[in-house]
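These are my notebook entries on one protein model. I set down what I looked up, entry by entry.

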Amino acid sequence: MKNLLLLGTGTIAGMHLAEFGALHDCRIVACADSLPGRADAFAEKNGLLNAFESLDDAIRWGDFDAAINATPDGVHRITTLQLIDANKPVFCEKPLAPSFGDAIEMTDAAEKAGLVNMVNFTYRNSPALQMARQMVIGGAIGTLRHVEAAYRQSWLVSKAWGDWRTEPGWLWRLSRAHGSNGVLGDVGVHILDFACYGANDEVASLRADLVTFPKAEGDRVGDYALDANDSFSMTARLKGGALATILATRYATGHANDLSLALHGTQGAVKVETDGRSSQLFVSSGKGVDAHRWRRKNVPPTRRNARAFADALISGVNGEPSFRRAAEMQRIIDAAIVSAESDRTVVLA
Ligand SMILES: NC(=O)c1ccc[n+]([C@@H]2O[C@H](COP(=O)([O-])OP(=O)(O)OC[C@H]3O[C@@H](n4cnc5c(N)ncnc54)[C@H](O)[C@@H]3O)[C@@H](O)[C@H]2O)c1
């Protein structure tokens, strides 16, 4: 049995409880949160025996095999490096860090220490995405020509998830000084991984537009300067030659949390849709190409990230998505920021 520390007991912590709670050989035994009282309350509510008010205290206790890092984006680097220093493997929330420099430092540190290191790109859990990728790799759609990917949320309009005007869990996502790269860093990293992984290709060059819409008086709420981007669009050329259009926004009114990916090739096309709970795959191939007909394809379940992390801990062999993969996504994000600020196409190394 592998025992885990859950660092950060905010919004996403419940998802980790559910994901790891479904495993028979890996479990969360402790939690830590720097907000006074929060870890205690979380532990009591969820039947965890150990709760700490700092990572230092949890490391001093030390009775865990690995950690889930569910702190805010800007805190990932310092806490993950501390865990690596304590010889603990880490399953880090996305984005790995707010910049490629930080992300690669974390990657190098984990690899040098020989520790399992993975990142929670949640939508790898979509069976439809996994099947679409297998079809692309197997040549089912021919040569990829066009990729269209979108991640649509609307929490800047809808109050279904709470009110961003008053809740720190949303406000830090709107503020660069609080370590956020806006929607680009927050869910943009998901859709970039989703698109590149599904297409089995990489970004060669890109041009991006980032928009921060006015939404509060003086563009500020208390300590939070609301200067992080709310929406981005990107056109990219992939290494295989395909043209990609990718967007993410928190202003897609009417959508809670919807990802879509369309991959159009010379012999067919696949479309993936997911809201994180279920996923669907649609295929146009064979005679369907001439008739513009799509059929829904049934897909088997896939190994989820939590399972992959547990397997990596047990085998000692690192799993995917790894820190290195997440650092590569961060490189694209950095390039998108440069592109938007300089109004030019950026070629990735
Ligand atoms: N994979 C996904 O689909 C997904 C979804 C939502 C959020 N996330 C990611 O999860 C992370 C957390 O997001 P959230 O929405 O739960 O944020 P949140 O603000 O609700 O919770 C973060 C928690 O971390 C605690 N914290 C901050 N600094 C700390 C420190 N140094 N030590 C210990 N605890 C500390 C805070 O007190 C808070 O309770 C972010 O990186 C976010 O991008 C991922």
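This is a predicted model: local features need pLDDT of at least 70, side-chain atom pairs count only at pLDDT 80 or more; totals for chains, interfaces and linings use all residues.

**Entry 1. The cavity**

I asked which helix gives the largest share of the lining. Helix H1 does, with four residues. Both H1 and helix H11 (305-315) contribute at least two residues each. Sorted by class, the lining residues of this cavity are four nonpolar, four polar and one charged. I noted a volume of about 50 Å³ for the largest cavity. The search returned one cavity of 30 Å³ or more in the structure.

**Entry 2**

I found an open sheet of six strands, paired in parallel, in the order E3-E2-E1-E4-E5-E6. Strand E3 (50-52) and strand E6 (117-119) are the edge strands; each has a single partner strand, so one side of each has no neighbour in the sheet.

Strand E4 (residues 66-69) and strand E5 (residues 90-92) are joined by three bridges in the parallel sense. In this pair I located Ala67 opposite Val90 of E5.

**Entry 2. The N-terminal record**

I consulted UniProt for this part of the chain. An unreviewed entry there lists residues 3-121 as "domain: Gfo/Idh/MocA-like oxidoreductase N-terminal". In the model, residues 3-121 are 41% helix and 21% strand. The end C-alpha atoms of residues 3-121 lie 22 Å apart.

I noted 21% helix and 35% strand for residues 130-270, with 12 Å between the end C-alpha atoms.

I next followed the partners of strand E7. Strand E7 (residues 144-153) pairs with strand E13 (residues 257-265) in the antiparallel sense, over nine bridges. Glu148 stands opposite Ala262 of E13. How many bridges join E7 to strand E12? I counted seven bridges between E7 and strand E12 (residues 243-249), and these two strands run parallel. His146 has Leu243 of E12 as its bridge partner.

**Entry 3. The second largest pocket**

Last, I looked up the second largest pocket, which holds about 220 Å³ of space. Its lining consists of Arg176, Ser180, Asn181, Leu210, Val211, Thr212, Asp227, Ala228, Asn229, Ile337, Ala340 and Glu341. Which element gives the most to this lining? Helix H12 does, with three residues. Strand E8 (203-211) and H12 (323-342) each supply at least two residues of the lining. By class I recorded five nonpolar, four polar and three charged residues for the second largest pocket.

Definitions and conventions. Residues are numbered from 1 along each chain as its sequence is written. Side-chain values use heavy atoms; hydrogens and water are left out. Two strands pair if DSSP finds at least two bridges between them. On a 1 Å grid over the protein atoms alone, a cavity is a set of points where a 1.4 Å probe fits but cannot get out, and a pocket is an open set with protein on both sides within 12 Å along at least five of seven lines; lining residues have an atom within 4 Å of a point. Grid points are joined across faces, edges and corners, and a volume is the space filled by probe spheres set on the points. Ala, Val, Leu, Ile, Met, Phe, Trp, Tyr, Cys and Pro count as nonpolar, Asp, Glu, Lys and Arg as charged, and the others, Gly among them, as polar. UniProt positions are given in the numbering used here, feature names are shortened, and annotations may be inferred rather than shown by experiment.
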